[in-house]
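I opened this notebook to record what I looked up, one residue or group at a time. The structure is placed below for reference.

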Amino acid sequence: MTTVDQAVAIPARSRSERVIRFISRAPIHFALIGLAVIWLVPTVGLGITSFRHRDDIASSGWWTAVTHWDWTLKNYTDVISATGMGHAWVNSLIITIPATLLPLTLGALAAYGFAWVPFPFRDTIFLILVALMVVPIQTSLVPLVKLFRLWHLSEPHFGINAFSFTGIWLAHTSFGLPLAVFLLRNFFITLPKDLIEAARMDGASNFAIFRRVVVPLSVPALASFGIFQFLWVWNDLLMALVFLAGHPNNAPMTVRIPYLLSTYGQEYNLLSAASFLLMIVPLVVFFALQRYFVQGLLAGSVKT
């Protein structure tokens, strides 16, 4: 019996067997439901608070808004227009999308080379690259800042302001590549060898094999790394403060949100709206790609 056959659940043959199976699995289901509720309550509370008036937030808890509907969109209009959070939200997208696509593309190409292209010292170089994952980001910030200042990578080029993000794009790409190569290489080596050899016998080049065979079969792994990288870059504060310190107009939402704090930190309506704007994009990305997430993480853990 293969692993696939073992993984297929055998349907219950009688009503009593179905009841016993439900009772035996009920504690696990209740535990998972409880964890989901614990995770969702703060998110739901933040979302509801972002639609409430400032006076209502100060006088009652967010759960009272469920029965007393007095919601408003003014918090979002104030945050987006008056505080410049809309521009910061666009900056977050400008930073995150290239900083996700660059390591994903370069990491996939490198992972294919480590998995299917023989060359001298391949395993040694791969181990060295994987070892770079233990290097703390904080230890390299000062050398990178000096290097980028020397190369003028944080300044607009060709009259285009978008190129002022080049430094932070390269920084996120360099720190994301070791994980990308490690994760994708472990997935690529599980692909059927016969497909790769058949494509080579047909005269396909390595790039053609990568583009036409490997990439279509590796969507789960690509999506799972894309989720990791997107969430890391979108929620990043440290690197945004370091590499965009001289360009306040390029600041993402993680840098702009603290500016909403007043002297006593009482602008909870604006803070909740800005925080919900910050978290809604990662939630959409995760739930849109979550069906590939577990498949990519478990790739290579079992053999069929």
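I looked up T173 and found it buried, with a relative accessible area of 6% (buried means under 20%, exposed over 50%, partly exposed in between, with a 1.4 Å probe and protein chains only). T173 lies in helix α8; helices are DSSP runs of H or I with at least four residues, numbered from the N terminus. Not counting residues up to four places away in sequence, T173 touches L102, P103 and L106, where contact means heavy atoms within 4.5 Å. I also noted that the C-alpha atoms of T173 and L101 are separated by 8.8 Å, although these residues are 72 apart along the chain.

I noted that this is a predicted model, in which local features need pLDDT of at least 70 and side-chain atom pairs count only at pLDDT 80 or more, while totals for chains, interfaces and linings use all residues. Residues are numbered from 1 along each chain as its sequence is written, and side-chain values use heavy atoms, leaving out hydrogens and water.

I next turned to S50, which sits in the loop between α2 (15–49) and α3 (54–59). S50 counts as buried, at 0% relative accessibility. Its side chain is joined to that of Y76 by a polar contact of 2.6 Å (a pair of N or O atoms within 3.5 Å; within protein, one must be able to donate a hydrogen and the other to accept it, and residues adjacent in sequence count only if both atoms are side-chain atoms). Leaving aside neighbours within four places in sequence, the contacts of S50 include T72, S272 and F276.

How values were computed
Helices (H or I, at least four residues) and strands (E, at least two) are DSSP runs, numbered from the N terminus.
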